[in-house]
Amino acid sequence: MIRRNLPLLLATLALMALAWGVAPAQAQEEAVAAPTLPELQTAIENAAFVSHNVWMMIATALVFIMHLGFATVETGLTRAKNTVNILFKNTLIPCIGLLTYALVGFNLMYPGFADGTGYEVFGFAGFGLTPPEGGMGPGYAVSGGYTYWTDFLFQGMFAATAATIVSGAVAERIKLHSFLIFSVFFVGLCYPIAGSWKWGWGFLHDMGFYDFAGSTLVHSVGGWGALVGAIILGPRLGKYAKDGTSNAIPGHSFPLATIGVFLLWLGWFGFNGGSVLNADPTLTSLVLVTTCLSAAAGGVAAMLVTWIMSRKPDLSMVLNGILAGLVGITAGADQMGPATAVIIGVISGVLVVLSVVFIDRVLKIDDPVGAISVHLVCGIWGTLAVGIFGAKAGMGQLMTQLTGVGAYAAFTVISAGVLLLIIKATLGLRVTREEELEGLDLGEHDQASYPDFQQTYIKSYHIREA
């Protein structure tokens with residue numbers, strides 16, 4: 001068959017070659033004509049815009065996965081009987097956060113302050129999401145180009161994180177509906193108003209306050225809320241003896257806690273790396289290096305301190321040491337070199353261990369997961385570290401950083417305290433003694449994460465009470 005059609009095939013190929021060879025010279029020139037300079041510039045701008053936007057969407061996804069990390073850390077470091085309750089809270093927080101941020105938060109945080117006037121404390125650009133003119137093009141974002149939608153989603157993921165931090169400190173004893181109502185106002189109003197002072201080009205931005213990715217704006221804002229919540233709620237039943245001795249209440253799953261920390265570390269690639277706000281390879285790679293070195297140094301430092309203090313290495317402290325290093329570097333990850341990042345991480349790892357012991361044994365504040373120490377204490381340290389090691393290090397920058405820390409402390413403590421006290425006076429904050437002893441899984445949800453184990457535990461509890 002092939003041999004029979006071979007002459008026809010050869011003739012066809014010959015005709016094609018002849019047609020190609022005698023094509024007009026003008027047509028050949030048009031086919032290979034080089035693009036004009038304006039066309040080339042447009043193509044380059046479009047390629048850069050796409051790369052920046054894609055990176056920012058990847059960073060958004062990485063920050064989103066941090067919510068799973070928070071959920072598993074908090075679950076692992078608390079008791080099995082409260083697992084459903086903790087997972088429920090951490091599932092609803094990003095849902096509430098995104099909706100409230102879309103409704104009011106985004107336009108509270110970025111109200112369109114006129115940079116340079118020095119008195120921008122509050123502003124509001126309107127309800128809902130309305131892309132501005134040019135919001136889908138390269139000229140929208142200040143730092144390189146991505147769409148309005150990408151901007152909203154990336155910032156919205158940050159917003160929900162603040163309430164997640166509070167969740168850990170008030171775990172195992174707060175009413176579910178009370179916490180959810182608190183989260184609506186904390187994420188929808190408190191966080192974005194405070195955030196506008198720096199990232200929205202408000203008065204702290206004008207003063208020169210610097211917080212690259214949120215050691216203060218995200219972590220210590222959440223940490224101040226966590227501190228106020230833990231104080232108002234009081235400790236869990238059995239946490240402190242009558243003589244003031246602190247009783248350890250171990251978490252039920254170190255595997256879950258460890259998985260959570262590694263998910264959070266992964267998410268920080270987007271949290272800090274995305275805060276470059278473009279796909280600049282030099283700055284983004286530097287930020288990822290300083291972030292990882294600080295996390296590693298924090299984990300090693302926490303291990304050494306706990307090994308010296310208790311003669312045994314403590315996994316929970318190492319996990320919190322890694323998180324402490326991540327929080328500590330977040331304010332200045334773009335301004336530090338590798339050696340400085342290690343120093344910041346080491347100090348963060350030491351601080352978190354000493355802070356956990358001090359808050360638990362001296363202040364008698366019950367924080368089941370160490371959220372106050374990780375996010376508040378190390379968030380403050382990381383913010384001040386910018387004034388010590390950053391690009392404009394010096395007494396002037398250090399005092400500016402301290403002013404920012406104080407402003408956020410005053411605003412968050414007052415706003416979180418007022419919210420929680422109003423909820424306490426109206427709906428109540430704390431579950432009943434019986435619900436706390438049996439577990440919030442049954443008291444708040446009538447569900448169990450580990451049904452066989454929890455049913456056995458409940459039967460033995462009722463036998464003891466009888």
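This report looks at a core, a helix and a surface patch in a predicted model.

## The nonpolar core

Start on the inside. The largest nonpolar core counts 103 residues, and Y191 and I372 are the ones that touch the most other members. Helix α5, covering residues 148-169, is the top contributor to this core, putting in twelve residues.

What does Y191 touch, once neighbours within four places in sequence are left aside? Its contacts are M109, F158, A159, A162, F186, W199, L217, V218 and V221.

## Helix α12

Next up is α12, which runs over residues 338-362. With 25 residues, this helix reaches 35 Å from its first C-alpha to its last, close to the 36 Å you'd expect at 1.5 Å a residue.

Its buried residues are T340, A341, I344, G345, S348, G349, V352, V353, S355, I359 and D360. So what do the buried residues of α12 pack against? Three helices: α10 (281-310), α11 (315-330) and α13 (371-389). After α12 comes K364, and its phi is positive, near 60 degrees.

Now for the surface. L103, V121, F122, F124 and F127 together make a nonpolar patch of about 530 Å². L103 belongs to helix α4, which spans residues 83-109.

Notes
Residues numbered from 1 in each chain as written. Predicted model: local features only at pLDDT ≥ 70, side-chain atom pairs only at ≥ 80, totals over all residues. Heavy atoms only, no water. Patch = residues over 30% accessible without salt bridge, like charges linked within 9 Å, V, L, I, M, F, W, Y side chains within 5 Å. Areas by Shrake-Rupley, 256 points an atom, 1.4 Å probe, with all protein chains shown as cover. Salt bridge = Lys/Arg side-chain N within 4 Å of Asp/Glu carboxyl O. Helix = DSSP H or I, 4+ residues; strand = E, 2+ residues; numbered from the N terminus. Core = buried A, V, L, I, M, F, W, Y, C linked by side-chain atoms within 4.5 Å. Buried < 20%, exposed > 50% of the residue type's maximum accessible area, 1.4 Å probe, protein only. Contact = heavy atoms within 4.5 Å. Expected span 1.5 Å × (residues − 1).
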